[in-house]
Amino acid sequence: MVQHARMESSRSKRKAILRVAVDHFGSAGYEHTKWATIAHEVGIGQTALYHYFESKAHCLLTIMSTELDHSHRRFSEAVKDSVDAESALRAAVRGVYDVTASEALQARILVHHVGILETTRSTEREEEERQRAVEHSRAVEQDWVSLLAGGMDSGEFPRRDEEELGRLILGMVSSVWTWYRPDGVRPLTAIGDSVADACSRLVH
């Protein structure tokens, strides 16, 4: 029982660290967030952070990997009941914005730091997380490419380079996170409808 309780406590601290890191990285910015600040808010010593993450960058990569995995899962959930490619495209776009406030911050963090995934990390745990994130990123891109290719095969969408088109749509969809703020005038649902219309025009 004691060992089980310790395992639960360990997982709880990790989740708390990630939760606080998302809030700070997404609001104040990764570069402006001190590792010690996260430790203080979680209620542990700074050295204790290294039991869970070997660096602030490792924590960032974990947040990005998690968000990419969630993006892949949200896509699958959003399109599962679609009857044609057009409705699947619109559902997939709207699904991107069907998120909590914390998930919106995670998406912003991912967009702002996606370049970190291109460079091999110098430590084992960071590199493992980077590779995991890269795999999730490829899965997300393939989701959109497969949707577009299916629409082209069925004749719903004009034949084009589906990989290039998929990257264009992903870029448009993701760009929202660079300027969206929860206290803005337009809710995410309305933004999602506008982006879905734009993506539909792009593929046609």
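**Pockets and salt bridges**

The largest pocket holds about 600 Å³ of space. Of its 25 lining residues, L68, L110, V140, L170 and S174 are the closest to its centre. The model is predicted.

**Largest pocket**

- Five helices each supply at least two residues of the lining: α3 (56–79), α4 (85–96), α5 (101–113), α6 (124–154) and α7 (162–179).
- Helix α7 gives the most to this lining, with 7 residues.
- By class, the lining of the largest pocket divides into 15 nonpolar, 6 polar and 4 charged residues.

**Second largest pocket**

- The residues lining the second largest pocket are R14, K15, L18, R19, V22, T62, I63, T66, H70, S102, E103 and Q106.
- Helix α1 gives the most to the lining of the second largest pocket, with 5 residues.
- The lining of the second largest pocket has 3 nonpolar, 5 polar and 4 charged residues.

- E86 and R90 form a salt bridge through their side chains, with an N to O distance of 2.9 Å.
- Both E86 and R90 lie in helix α4, 4 residues apart, which is about one turn of the helix.
- D197 is linked with E86 and R90 in a network of salt bridges.

- R167 and E141 form a salt bridge whose closest N and O atoms are 3.3 Å apart.
- R167 lies in helix α7 and E141 in helix α6, so this pair ties together parts that are 26 residues apart in sequence.
- R167 has 45% relative accessibility and therefore counts as partly exposed, as the class runs between the 20% limit for buried and the 50% limit for exposed.
- E141 also counts as partly exposed, because its relative accessibility is 26%.

**A further salt bridge**

- E77 pairs with K80 in a salt bridge, and the closest N and O atoms are 2.9 Å apart.

Technical notes:
Residues are numbered from 1 along each chain as its sequence is written. This is a predicted model: local features need pLDDT of at least 70, side-chain atom pairs count only at pLDDT 80 or more; totals for chains, interfaces and linings use all residues. Side-chain values use heavy atoms; hydrogens and water are left out. On a 1 Å grid over the protein atoms alone, a cavity is a set of points where a 1.4 Å probe fits but cannot get out, and a pocket is an open set with protein on both sides within 12 Å along at least five of seven lines; lining residues have an atom within 4 Å of a point. Grid points are joined across faces, edges and corners, and a volume is the space filled by probe spheres set on the points. Ala, Val, Leu, Ile, Met, Phe, Trp, Tyr, Cys and Pro count as nonpolar, Asp, Glu, Lys and Arg as charged, and the others, Gly among them, as polar. A salt bridge is a side-chain nitrogen of Lys or Arg within 4 Å of a carboxyl oxygen of Asp or Glu. Buried means under 20% relative accessible area, exposed over 50%, partly exposed in between (1.4 Å probe, protein chains only).
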